[in-house]
Amino acid sequence: MDDEELRSYFAGRLPDRLAEVERAGHAARAAGWTGEPLRTFHRLAHSLAGAGATFGHPEVSELARGLERLLKAALATGQPPEESAVNGSLRGLRDLVERG
Amino acid sequence: MPRYEPLCYEVGPMSPPGPRRILFVEDDPDIRMVATMALEAVGGFSVAACGSGMEAVSRFDEVAPDLVLLDVMMPGMDGPETLAALRRLPGGGIPVIFMTARVQANEIAGYREMGAVDVIAKPFDPMTLSETVREIWRSLQPEA
């Protein structure tokens with residue numbers, strides 16, 4: 001696989017991966033930003049950030065990394081993340097998916 | 001200790017070429033796919049890929065790896081917990097390399113204290129991953 005094939009492969013995977021992150025976000029919100037749902041949301045954001053960078057999608061990685069930081073802070077402090085910032089990151093990722 | 005053929009470097013200057021069989025543990029399916037492909041196609045290694053620490057522990061004996069590449073952040077058993085579990089298995093003292101995005105100096109020192117021989121930073125370049133593994137492997141071999 002060359003760089004372009006890697007990029008293309010991940011572009012095809014991105015809709016499903018983002019949907020998984022969005023579902024985890026809904027679950028974390030429903031759980032009051034606590035416990036395992038929040039940890040799962042954080043881990044999926046972390047994975048998306050890493051995969052985006054590995055597969056040549058830095059814009060995906062940057063947005064996911066921002067989301068990961070918000071959630072990491074929530075885990076560390078026990079305080080809910082700023083929802084507008086969480087939503088902004090998710091919307092940015094959704095825009096990237098829809099732009100193709 | 002890593003397994004190698006001692007005569008290889010008793011009779012010549014070349015160090016052992018690298019691990020033959022790698023146990024690769026990574027929960028992200030896309031990263032698992034690309035790294036496995038890169039390690040096999042570019043590096044010529046034999047790779048057994050596992051999606052969790054639990055799977056790695058259960059398959060360790062069957063795979064009999066020379067080296068373990070281990071993601072740090074995983075659900076269930078994370079990398080450090082998996083490393084600790086592997087160390088309790090017969091033959092579980094083989095080199096383990098962590099793969100993680102968290103590579104600040106204090107974090108790397110922590111991984112080494114846990115028993116990892118080295119750390120490969122994420123994101124990694126699939127084309128150079130095998131050479132990085134080989135370099136780490138060479139660094140572990142005794143001087144000829």
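Predicted model: local features only at pLDDT ≥ 70, side-chain atom pairs only at ≥ 80, totals over all residues.
Trp33(A) sits in the loop that links α1 and α2 (35-54) of chain A. Most residues other than glycine have a negative phi, and most peptide bonds are trans. As for its surroundings, Trp33(A) has 19 C-beta neighbours inside 10 Å, so it counts as partly exposed; the cut-off for a buried residue is 20 or more.

Ala64(B) is not a glycine either, yet its phi is positive, at about 50°. This alanine is found in the loop between α3 (53-63) and β3 (67-71) of chain B. Ala64(B) also counts as partly exposed, because its C-beta neighbours inside 10 Å number 14. Then there is the peptide bond between Lys122(B) and Pro123(B), which is cis, with omega about 0°. Pro123(B) belongs to the loop between β5 (118-121) and α6 (126-140) of chain B.

Back in chain A, there is a helix pair to look at. Helix α1 (residues 3-30) and helix α4 (residues 83-99) of chain A have axes that come within 10 Å and cross at roughly 160°. That angle makes α1(A) roughly antiparallel to α4(A), given that anything over 145 degrees is counted that way. The crossing of α1(A) and α4(A) is left-handed. On the α1(A) side the contact is made by Leu14(A), Pro15(A), Leu18(A), Glu22(A) and Gly25(A), and on the α4(A) side by Val86(A), Leu90(A), Leu93(A), Arg94(A) and Val97(A).

Chain B holds an open sheet of five strands, paired in parallel, with the order β2-β1-β3-β4-β5. At the edges are β2 (46-50) and β5 of chain B, each pairing on one side only. From one strand to the next the twist averages 20°. Strand β1 (residues 21-25) of chain B runs parallel to β3(B), and the two pair over four bridges. Across that pairing, Leu23(B) stands opposite Val68(B) in β3(B), while Ile22(B) has Leu67(B) of β3(B) as its bridge partner. One is α3(B), which touches β1 and β2 of chain B and whose direction makes about 165° with that of β1(B). Another is helix α4 (residues 79-87) of chain B, which touches β1, β3 and β4 (96-100) of chain B, its direction making about 150° with that of β3(B).

Five of the five residues of β3(B) are buried, so the strand is largely enclosed by the rest of the structure. Looking at the side chains in turn, Leu67(B), Leu69(B) and Asp71(B) point one way from β3(B), Val68(B) and Leu70(B) point the other way, and all are buried.

Out in strand β2 of chain B, Ala49(B) makes a handy local example. Ala49(B) counts as buried because it has 22 C-beta neighbours inside 10 Å. Leaving aside residues up to four places away in sequence, Ala49(B) touches Phe24(B), Arg32(B) and Thr36(B). Ala49(B) and Asp27(B) are 22 residues apart in sequence, and their C-alpha atoms are 9.7 Å apart in space.

Note on methods: Residues numbered from 1 in each chain as written. Chains lettered and ligands numbered in written order. Axes fitted to C-alpha atoms, helices over the stretch in contact; angles between N-to-C directions. Parallel < 35°, antiparallel > 145°, perpendicular 65-115°, else oblique. Left-handed = near helix turned anticlockwise from the far one by under 90°. Contact = placed C-beta atoms within 7 Å. Buried ≥ 20, exposed ≤ 12 C-beta atoms within 10 Å, placed from the backbone. Pairing = 2+ DSSP bridges.
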